[in-house]
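Look over the structure below. Then follow the text from the DNA to the metal.

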2 protein chains.
Amino acid sequence: MEALTPSLEDYLEAIWTISLRDKVARVKDIAKSLRVSTPSVVNALNVLLEKNLIKHERYGYIELTDQGALKAKEVDEHHKLLFTLLNEIFGINAGIASKDACKIEHHLSKETIKRIEQFIQFLEEDQEEKAFFTSRFKDFVEKGEEDMGDKKVSKADFTLRDLKPGEKGKVIKIKGKGNLKKRLLDMGIVPGTEIQLKKVAPLGDPVDILVKGYHLSLRKGEARDILLEKV
Amino acid sequence: MEALTPSLEDYLEAIWTISLRDKVARVKDIAKSLRVSTPSVVNALNVLLEKNLIKHERYGYIELTDQGALKAKEVDEHHKLLFTLLNEIFGINAGIASKDACKIEHHLSKETIKRIEQFIQFLEEDQEEKAFFTSRFKDFVEKGEEDMGDKKVSKADFTLRDLKPGEKGKVIKIKGKGNLKKRLLDMGIVPGTEIQLKKVAPLGDPVDILVKGYHLSLRKGEARDILLEKV
DNA sequence: TCCTTTTGTTAGATTAGACTAACATTAATA
DNA sequence: TATTAATGTTAGTCTAATCTAACAAAAGGA
Ligand SMILES: [Mn+2]
Ligand SMILES: [Mn+2]
Ligand SMILES: [Mn+2]
Ligand SMILES: [Mn+2]
């Protein structure tokens, strides 16, 4: 079986999703869904018919053959996979993520698809880790946009991440939003609080800090969100 | 300026990289680089000339105009960006990563490109975090492939991650490779060691464990690599 | 310099995928 | 049921991108 062109894959994909939504697919639905003219659809259908991927008799409904359904499902799965990567992980808005996914779904090797699957599964495996990771990334993106406007964030600042073991600082502000910020505040890390860095473990490990007599563990990423001034 | 087709973008990109490598670009080099015939190249060059993206006189060398260089550079940057994502972060081998990057580089919205840039920068910002993250993902991928062969990993096993606070287990094996494994072994976590889980913090935080009288912090991801049996 | 090899160009064909205009069939409804 | 509206099809055109075969120019070597 010869490889299908991107265009033909999109036709199959459209027939698949329309068949799920409504019961059957019709020429005008496909045309609408793909924003092409009906003659373009008819032309594509003839090619797909030739390749035994659809069943279609003149003026009748359109159905996928087993072979066609197999391929259509695959395209649809790739679409969804890429959508998840773009939307859920990279945080791209649904409309754009879906458009981009549908364009590149035809161009990736099976190796790459597999890896993306694994990458998503890797994060999925630990929902907490994923939530943490994606929210940190979101903060990072928002922080960047913020900095565009700010220009000078307040020159003399340094962050908890910049302290050396033993050094102290006083909290000015906690950057970031949502869970992260809330959690830090709950831990007693509010503006004015004095913090001493105890130790930093190597490779992805937490930093150990002393606040109000208590030991706390923070991730390095979090430490970078805590702005300090000299004590 | 009308949008360029993927094909024309590839011609620009080829001219750009050839011009950097050698001093000038010639028809046969472009043909070789893109694996097309020389008449195909000539045809494309005429189109690019029409659009003021290259300078070219019959039988002479090919140069990019300022406008052409701008576009070529952009395509090349996107190519490199996507290559980094696929190769460095997802761990796809260079050959495939490059091919796939060159296919999809023409199809992504500027929003998506921007986000991928930010994602890479996000990991780049903290080399340790990145090393940890990518090595964990690598382990995850390798573990998956391993399980294909293994089939039954040894039925009664559970991992450190499965313990509840207060519960104990005895180390059977440490999965994963490289840094991670070495570090765990250095910490005294070897087969036969008895471990007690003390507490698990919410949201991306470490698990606190007691080994040989010492407290240690591990990330949840790491905890899942430590296979235990009942004490 | 003149012949040969390398490189570039032209001409013409092919394929895929879109379009519009015109026509055919089927479905809806008066 | 007869007409109209909606839907589908055919025919013919266009553009982009490729190819092969044949020819032309430039470069290199005897
Ligand atoms: Mn698509
Ligand atoms: Mn799609
Ligand atoms: Mn390309
Ligand atoms: Mn490229």
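A residue counts as near a strand if one of its heavy atoms lies within 4 Å of that strand. Keep in mind that this is a predicted model.

Start with DNA strand D. Around DNA strand D stand 18 residues. The closest include A:Lys28 and A:Arg58 from one chain, and B:Thr5, B:Ser37 and B:Ser40 from the other.

Now look at single contacts. B:Thr5 places a polar side-chain atom 2.3 Å from a phosphate oxygen of DNA strand D. B:Tyr59 has a polar side-chain atom 3.4 Å from a sugar or linking oxygen of DNA strand D. Helices of both chains build this surface: helix 2 (27-34) and helix 3 (38-50) of chain A, and helix 1 (6-21) and helix 3 (38-50) of chain B, each give two or more residues. By class, the surface near DNA strand D holds eight nonpolar, seven polar and three charged residues.

Turn to DNA strand C. It has 17 residues around it, and A:Thr5, A:Ser37, A:Ser40, B:Lys28 and B:Arg58 come nearest. Sugar and phosphate make up 84% of the atoms of DNA strand C within 4 Å of the protein. The side chain of A:Thr5 has an N or O atom 2.3 Å from a phosphate oxygen of DNA strand C. A:Ser7 brings a polar side-chain atom to 3.0 Å from a phosphate oxygen, and A:Tyr11 brings one to 3.2 Å. Helix 3 of chain B supplies the largest share of this surface, three residues.

Finally, find the manganese ion (ligand 2). Its protein donors come from A:Glu13, A:His79, A:Cys102 and A:Glu105, at 2.1 to 2.5 Å. What is the site like, with angles of 54 to 145 degrees among its six donor atoms? The site is irregular. Six octahedral donors would ideally give angles of 90 or 180 degrees.

Key: Residues are numbered from 1 along each chain as its sequence is written. Chains are lettered from A and ligands numbered from 1 in the order in which they are written. This is a predicted model: local features need pLDDT of at least 70, side-chain atom pairs count only at pLDDT 80 or more; totals for chains, interfaces and linings use all residues. Side-chain values use heavy atoms; hydrogens and water are left out. A polar contact is a pair of N or O atoms within 3.5 Å; within protein, one must be able to donate a hydrogen and the other to accept it, and residues adjacent in sequence count only if both atoms are side-chain atoms. Helices (H or I, at least four residues) and strands (E, at least two) are DSSP runs, numbered from the N terminus. Ala, Val, Leu, Ile, Met, Phe, Trp, Tyr, Cys and Pro count as nonpolar, Asp, Glu, Lys and Arg as charged, and the others, Gly among them, as polar. Donors are N, O and S atoms within 2.8 Å of the metal (3.2 Å for Na, K and Ca); water is not among the atoms, so sites may look incomplete. Four donors count as tetrahedral if all angles lie between 85 and 135 degrees; four count as square planar and six as octahedral if opposite donors are over 155 degrees apart and all others between 65 and 115; anything else is irregular.
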